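Subject: A structure for you to look at

Hello,

Here is the structure I promised to pass on, with the sequence alongside. Please have a look at it first, and then read on for what turned up.

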Amino acid sequence: MALKNKRYFWIQLAQDFFKSKEMKLLRKIAGGDTHTIIYLKMMLISLEDGGHIYYDGLADNLAEEIALVIDENVEDIKITLIFLESKGLLTRKNDRDYFLEQVPEMVGSETATARRVRKFRENKQALQCNTDETKCNGDIDIDKEIDIEIEKDIDKDKNKNPVELIVEEYQSRIAPLDGTQFEILKEFIILDGMEAKVVLKAIGFAADNGKRNFSYIKAILTNWKKDGVLTIAAVDERERAYKESKIKGQSENQKSNVPEWSQPNYVNTTSEEDKEELEKRKRELLERLENRGG
């Protein structure tokens with residue numbers, strides 16, 4: 001399904017990004033500033049795929065293929081890739097899928113509609129008249145434009161189907177959603193008969209637990225499908241049962257920490273043969289200790 005409302009992406013660098021140990025090390029190696037720029041460019045080209053960089057096999061290796069896109073020296077890119085992989089900033093999913101671990105935490109996005117509204121508001125601020133009592137004609141027109149856009153958005157929300165809601169929820173809370181990932185989520189609903197709310201629940205569960213990656217969400221949905229959990233009611237029942245079993249398990253663990261011999265009604269059931277054997281071992285131990293002491 002093609003989304004008509006185009007989405008724009010950007011990277012939000014944390015204030016201490018360049019103060020991190022990894023970035024300091026990267027900048028200290030020969031040509032460090034170049035490698036840092038390459039890393040940032042790689043982040044930018046991975047945005048629409050949520051941090052994934054795919055090797056399509058057009059060039060002999062990933063470094064050469066990236067060079068075609070970002071116009072940087074191949075050898076410099078190779079060094080950057082080696083560094084990023086050694087520091088856990090770049091992980092290899094398979095021979096064709098590489099993932100930049102920091103991107104999901106840095107990505108920001110907005111729809112074309114939201115972008116227009118924001119631009120209108122910025123223009124409104126710039127075009128304000130010198131007095132607060134009267135409005136410029138341009139301001140009045142901008143207000144009308146904003147109202148129209150907001151009304152359109154409200155109407156769209158009313159008419160959104162569950163699949164569109166899933167896309168928006170994923171992209172707002174996890175990362176950009178690529179076409180392959182979107183098709184997989186659709187299959188859970190269309191082929192497996194899973195309620196859309198169940199998919200939304202899995203996305204929310206992953207985001208709340210700081211697991212902002214598609215593999216984690218897919219694993220949740222796969223487990224639920226395997227166990228026949230296809231409705232939101234079944235998910236809620238599963239959570240309730242899990243909480244009850246956890247409480248019961250904690251209670252049993254607390255009981256097991258109390259030794260039997262400390263209980264008032266404890267009865268020693270050790271046989272006479274076992275007692276004799278224990279006594280024999282006790283004597284042998286005492287003899288060894290005495291010999292060492294001598």
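A residue is called exposed when its relative accessible area is over 50%, buried when that area is under 20%, and partly exposed in between. By that rule Asp-71, at 64% relative accessibility, counts as exposed. Asp-71 is found in the loop between α3 and α4 (74-86). Its backbone is worth a look too: Asp-71 is not a glycine, yet has a positive phi of about 55 degrees. Please keep in mind throughout that this is a predicted model.

**The chain as a whole**

The protein chain has 294 residues, and 29% of them are buried. Its secondary structure consists of 13 helices and five strands. If you take the contacts between residues at least 6 apart in sequence, 62% of them join residues at least 24 apart.

In soluble globular proteins, nonpolar side chains tend to be buried together. Here the largest nonpolar core has 27 residues. Its members that touch the most other members are Tyr-170, Ile-174, Leu-185, Val-199, Ile-217, Leu-221 and Trp-224. Two or more residues of this core come from each of α8 (162-173), α9 (179-190), α10 (196-208) and α11 (214-226). The biggest share is that of α10, which gives seven residues.

Beyond its neighbours within four places in sequence, Trp-224 is in contact with Val-198, Lys-201, Ala-202, Val-229, Val-235 and Arg-238. Apart from this core there is another one, of 25 residues, which includes Ile-38, Met-43, Tyr-55 and Ala-67.

**Helices α8 and α10**

Two packed helices are described by the angle between their axes and the distance between the axes. For α8 and α10 the angle is about 5 degrees and the axes are 10 Å apart. Angles under 35 degrees count as roughly parallel, so α8 is roughly parallel to α10. On the α8 side, the contact is made by Pro-162, Leu-165, Ile-166, Glu-169, Tyr-170 and Arg-173. The α10 side brings Ala-196, Val-199, Leu-200, Ile-203, Gly-204, Ala-207 and Asp-208. By type, the residues of this contact are nine nonpolar, one polar and three charged.

One is Pro-162, which lies in helix α8 and counts as partly exposed because its relative accessibility is 44%. The C-alpha atoms of Pro-162 and Glu-195 are 9.1 Å apart, although 33 residues separate the two along the chain.

The other is Arg-173, also placed in helix α8. With 30% relative accessibility, Arg-173 counts as partly exposed. Not counting residues up to four places away in sequence, Arg-173 touches Gly-204, Ala-207, Asp-208 and Arg-212. Arg-173 and Ala-207 are 34 residues apart along the chain, and their C-alpha atoms are separated by 6.2 Å.

**Helices α2 and α3**

How do the axes of α2 and α3 cross, and at roughly what angle? Helix α2 (residues 32-46) and helix α3 (residues 62-70) have axes that come within 11 Å and cross at roughly 80 degrees. Angles of 65 to 115 degrees count as roughly perpendicular, and α2 and α3 are therefore roughly perpendicular to each other. In this contact Ile-38, Lys-41, Met-42 and Ile-45 of α2 meet Ile-66, Val-69 and Ile-70 of α3. The residues of the contact are six nonpolar, no polar and one charged.

Thr-36 is also in helix α2. At 5% relative accessibility, Thr-36 counts as buried. Setting aside its neighbours within four places in sequence, Thr-36 is in contact with Phe-18, Leu-26 and Arg-27.

**An aromatic pair**

Phe-18 leads on to the aromatic rings. The structure holds two aromatic pairs. In one of them, the rings of Phe-17 and Phe-18 have their centres 5.0 Å apart and their planes at 85 degrees, so this pair is edge-to-face. Which of these two residues is buried and which is partly exposed? Phe-17, at 4% relative accessibility, counts as buried. Phe-18, at 36% relative accessibility, counts as partly exposed.

I hope this helps you find your way around. Do write back with any questions.

Best wishes

Methods: Residues are numbered from 1 along each chain as its sequence is written. This is a predicted model: local features need pLDDT of at least 70, side-chain atom pairs count only at pLDDT 80 or more; totals for chains, interfaces and linings use all residues. Side-chain values use heavy atoms; hydrogens and water are left out. A nonpolar core is a set of buried Ala, Val, Leu, Ile, Met, Phe, Trp, Tyr and Cys residues joined through side-chain atoms within 4.5 Å. Buried means under 20% relative accessible area, exposed over 50%, partly exposed in between (1.4 Å probe, protein chains only). Helices (H or I, at least four residues) and strands (E, at least two) are DSSP runs, numbered from the N terminus. Contact means heavy atoms within 4.5 Å. Axes are lines fitted to C-alpha atoms, for helices over the stretch in contact, and angles run from 0 to 180 degrees between N-to-C directions. Angles under 35 degrees count as roughly parallel, over 145 as roughly antiparallel, 65 to 115 as roughly perpendicular and the rest as oblique. Ala, Val, Leu, Ile, Met, Phe, Trp, Tyr, Cys and Pro count as nonpolar, Asp, Glu, Lys and Arg as charged, and the others, Gly among them, as polar. Rings of Phe, Tyr and Trp (its six-membered ring) pair if their centres lie within 6.5 Å; planes under 30 degrees apart count as stacked, over 60 as edge-to-face and the rest as tilted.
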